[in-house]
Every structure is written in C-alpha cells, then in structure tokens.
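This report looks at pockets and at one residue of interest, with the sequence and structure shown below.

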Amino acid sequence: MRAEDEILFETAGQIGIVTLNRPRALNALSLGMIRAMDRQLAAWAADPRVGAVVVRGAGGKAFCAGGDVRAVWQAGMEARQEGHDAAARLRADFFREEYILNHRIHFYPKPYVALVDGIAMGGGVGLSVHGSHRVVTERTLFAMPETGIGLFPDVGGGWFLPRCPGEVGTYLGLTGARIGAGDCGYIGFGTHFVPSARLEDLVAALAEADLERGGARAVDGVIARFAGDCGPAPLAALRSAIDRCFSFNSVEEILVALEREEGDWAAEAREILAARSPTSLKITLRQLREGRHLPYEEVVTLEYRLSQRCTAAADFYEGVRAVLIDKDQRPRWEPAAIPGVQDADVDRYFQPLGDGDLVLGRTPKDHFAGSVIGS
C-alpha cells in the first residue's frame, strides 16, 4: 500500500481531518505516514481557513498501535546477515522524524483533537498525548509496552509519565500495564470522555462550528456537548501501593518493595517485571527520573539518543522477534537478569551522539496537565 493510502487528509468546514488508514496493522505508523502527516500539519498550521485538526484511526479497533518497529527490525536483521549496518539510516530517520512530528503536535498553534477510540500504544500515544484535546472512549486501551521488546517508553514518555500522579507513570512505563478510559482520565492522558458511538456526530459538529474567533474555547464547547463521565479509575485505588513500591531509584529496590507488598497486584507486577528486558528496565527508570526535571524539548534529545542505542542492541532484535515475529513470548535477554546490567552499561545509552543528536527548539506551550478529567 502506498504511503498516501496509509494516511488520509481532508477538510470539513474549518477543521482538517487526519485518518490513519492501516486497519490491518492496527494503524501502526510507517515512515511514509509520519512524513506525510508532518507536512500536512505544517500546511494546516499556516492555513487561516483551518481552525483545528482532528486525528482518528480507521477500522474500529485501534487509534494507533504504535510505530512500525517491524520495519526497523527487518532492516536491521538483513543488515546483520550481510555483515554491515545499513539499517542505521532507517533507525535514524524513523525515530528522528517521528520525534519531530511529536514535537510539532506538542507545540501546535491550533486545537488538535485526538479521537483515541481503541488501542493507543507507543507511537499512537505520541500522536495523541501531545495534543490539546484527547478524547477517550469506552474502547480506549492505553499502554507503553516498550520494555517488553527491548526498548523504552519513548515519544515523550520521559516527559509525560513523570507528570502522572505520584509514581503511577513509573509503574506504567516499567510494566507496560494496559489501562482503560477511567485510568486515562486519572493520569491526565484523556481530557474528555465521549462514547464511541457519538464520535462521528462530534466530528460533524466540529465541522459545523465557527472556529475563526473561538479557537480552543469553541472546540471545548463543542466537545462538552458530547462528553460524559469516563468511569472509575482502578489506578486511583492502587495509588498508595504504587507509590510505596515504585518510588525508588533502582529497579532492584522496586523489586524488593514489590516482594514485601501484600496482595495479588504486587505479585503480578513483580512477575511482569521479571519478563521484561533487564536493560530496558534500568534505562527506563533512569529516563523517567531524569525526565522529571527536563523541559519537553530536552527530553526529545535524550530519547533520540536512547532510540539509536536501543535499536542497535541485541535485546531489541530479540524482543521484537519474541513478541511480534515468532510470537513465542520467550525472549532471551542479554544480560538475562537485573544484576547483570552494570551502571556503566546504562550510562553508554545516555551519551551524546555528537553531530547526530536531535536538538529541537522550545516554546512555552505545554498541554499535559496530569490531572483527572473534569478537574
């Protein structure tokens, strides 16, 4: 399928509409889609006839299940077999251009409405969390599962996860736990809840609205007519236990705390962490701790360094193989356990890339509040 078929653009009234159109791949982002979307968003930002942007996924199952890491994995495997690293250019381009697109969304000058109906993982979170309006539904399924494939929660995870309530973001980033609409509201990912069956009517209402003067307030008013309660947040009930167990600055201490914590939740969390890449866990915890104190644009630079180091490492190829290719769910990590990951090993992932670093500009506009819907 051509890139122009994988992503669709149209205008209706004063809104620009982006439709991610790879339903069989759960609308996973290809490099062609990233490039096309970045160009179109830039054009709409400069077009006075467009007052807001709406982004949605086709197929009814997913908003966007993530970036197309299969393509990066395939290129890397072929390069390894041929004895060279021709995949380095794809790794550099894919993550660089994805992060540039996220940066554009993060600082977009017009209302950006993500209709997160269905699965939103990894790159799909990047397409939504940075926008001004993030509409969740009863079908929303959010996760950052990267530690299970030898990666880390990127696309700004080092910025928005530390800004979740307490240590909830640490828990989500390390375990890759899946959450629904109520929890999305609790952590601040969802700004509004709208039933899935009403999304088409919402888009039609936005297309009919006069956005020329009202801007974000006009969009707020339209969405409010459709919005309802997002339901209970199970994470809120677990908050005290999460804070007790995930407040430490080492993975070893977190595992000890989980072992001491009573209840099925702690046992399950410990079991999940035991199956994740030990290297990814240590990298992710440091990423989240450093991200607490960094502005968004500096988090982008840090995460780009991590993306290049992780996708050149053995755990990425083994993780993608086990989870997405062979699907045996039995990755053989290197090292196989937490004690085998030395601090010096982790340090190397965070070192500057020299001329290869991704350095983007700054602007004062941040959208992620880290608060409950309706607060």
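## Second largest pocket

In this predicted model, the lining of the second largest pocket divides by class into six nonpolar, three polar and five charged residues. The volume of this pocket is about 230 Å³, and 14 residues line it, with Arg56, Gly57, Asp117, Leu199 and Glu200 lying nearest its centre. Two or more lining residues come from each of the elements β3 (52-57), β4 (62-64) and α9 (199-208), and the largest share, three residues, is given by α9.

## Largest pocket

The largest pocket has a volume of about 1,000 Å³. Its lining is made up of 40 residues, of which Ala65, Met121, Pro145, Val323 and Leu324 are the closest to its centre. The elements that contribute two or more residues to this lining are α3 (69-81), α4 (88-106), β6 (119-121), β8 (141-143), α14 (264-275) and α17, and α4 supplies the largest share, three residues.

Sorted by class, the lining of the largest pocket holds 23 nonpolar, eight polar and nine charged residues.

## Arginine 321 in helix α17

Helix α17, which spans residues 314-325, contains arginine 321. Is this arginine buried or exposed? Arginine 321 has a relative accessibility of 12% and therefore counts as buried, the cut-off for buried being under 20%.

When neighbours within four places in sequence are left aside, arginine 321 is in contact with Trp73, Asp326, Lys327, Asp328, Arg330, Pro331 and Arg332.

Note on methods
Residues are numbered from 1 along each chain as its sequence is written. This is a predicted model: local features need pLDDT of at least 70, side-chain atom pairs count only at pLDDT 80 or more; totals for chains, interfaces and linings use all residues. Side-chain values use heavy atoms; hydrogens and water are left out. Helices (H or I, at least four residues) and strands (E, at least two) are DSSP runs, numbered from the N terminus. Buried means under 20% relative accessible area, exposed over 50%, partly exposed in between (1.4 Å probe, protein chains only). Contact means heavy atoms within 4.5 Å. On a 1 Å grid over the protein atoms alone, a cavity is a set of points where a 1.4 Å probe fits but cannot get out, and a pocket is an open set with protein on both sides within 12 Å along at least five of seven lines; lining residues have an atom within 4 Å of a point. Grid points are joined across faces, edges and corners, and a volume is the space filled by probe spheres set on the points. Ala, Val, Leu, Ile, Met, Phe, Trp, Tyr, Cys and Pro count as nonpolar, Asp, Glu, Lys and Arg as charged, and the others, Gly among them, as polar.
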